[in-house]
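Here is a short note for someone opening this entry. Please keep the sequence and the model side by side while reading.

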Amino acid sequence: MPSASAPSSASTLHLAIVSMEGVVWTGDVRVATVPGAEGSFGVMKGHTPVLSRLREGFVHCETTDGERLSIYVSGGYVEAQPGGLTVLAYTAVRSADLDSARAEAARQQAASMLHHALGEIDHAQIQAELMAAAAHWAHELRGRSRS
């Protein structure tokens, strides 16, 4: 006879989280919460079928062993069925794999590249080209109104 604390297959939901790189996590869970486009929602076994867009955020779930997992998703789609939940994410990373130092280094590198790229823009040249285009456009409009 199963113990009272052992989850029965009648109360578990199969969860698969997949990104463009491949399967990020798959397994049975008691409950999952996903960041839907219209707001977060929870899913348990027996959920009404739903197809929704995902917004950026975390998928939170509790495994049948009681472990709590958080997986970052950058957006995508989620399909809930009575016995399963499939998350198709553009990008998905387990929170245990997130490295804040590496993330900060990547942010700083991106900011540096952006600053460098913007520093090379000749603002005076762009302003002069815009002024010339505006003058040409105004001249064209005046010429049409005389005809």
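1. The chain holds two helices and nine strands. Both kinds of element are DSSP runs, numbered from the N terminus: helices are H or I with at least four residues, strands are E with at least two. Along the sequence the order is β-β-β-β-β-β-β-β-β-α-α.

2. A word on the basis. The model is predicted, so local features need pLDDT of at least 70 and side-chain atom pairs count only at pLDDT 80 or more, while totals for chains, interfaces and linings use all residues. Residues are numbered from 1 along each chain as its sequence is written, and side-chain values use heavy atoms, with hydrogens and water left out.

3. Now the chain as a whole. Of its 147 residues, 24% are buried. Buried means under 20% relative accessible area, exposed over 50%, and partly exposed in between (1.4 Å probe, protein chains only). The accessible surface is about 10000 Å², and carbon and sulfur atoms hold 58% of that. These areas come from the Shrake-Rupley method with a 1.4 Å probe. Take the contacts (heavy atoms within 4.5 Å) between residues at least 6 apart in sequence: 49% of them join residues at least 24 apart.

4. Start the strand pairing at β8 (residues 84-89), which pairs with β1 (residues 13-19) in the parallel sense over five bridges. Two strands pair if DSSP finds at least two bridges between them. Alanine 16 has threonine 86 of β8 as its bridge partner. β8 also runs antiparallel to β7 (residues 76-81), joined by six bridges. β7 and β8 make a hairpin with two residues between them. Glutamine 81 stands opposite glycine 84 in β8.

5. Next comes the hairpin of β5 and β6. Six bridges join these antiparallel strands. Cysteine 61 is bridged to leucine 69 in β6. Four residues lie between the two strands, and in this hairpin glycine 66 takes a positive phi near 90 degrees.

6. β6 has a further partner: strand β9 (residues 92-94) pairs with β6 in the antiparallel sense over three bridges. Here tyrosine 72 has valine 93 of β9 as its bridge partner.

7. Which side chains of β6 are buried? Leu69, Ile71 and Val73 point to one face and are buried.

8. Phenylalanine 58 and tyrosine 72 form the pair, edge-to-face, at 5.8 Å centre to centre with 70 degrees between the planes. Planes under 30 degrees apart count as stacked, over 60 as edge-to-face and the rest as tilted. The pair links distant parts of the chain, 14 residues apart: phenylalanine 58 is in β5 (residues 57-63) and tyrosine 72 in β6 (residues 68-73). Phenylalanine 58 is partly exposed, with a relative accessible area of 33%.

9. Last, look at glycine 36, in strand β2 (residues 22-36). Is glycine 36 buried or exposed? Glycine 36 is buried, at a relative accessible area of 1%. Leaving aside neighbours within four places in sequence, glycine 36 is in contact with Phe41, Ser52, Arg53 and Arg55. The C-alpha atoms of glycine 36 and glycine 57 are separated by 8.9 Å, and the two residues lie 21 apart along the chain.

Note on methods: Phe/Tyr/Trp six-rings, centres within 6.5 Å; stacked < 30°, edge-to-face > 60°.
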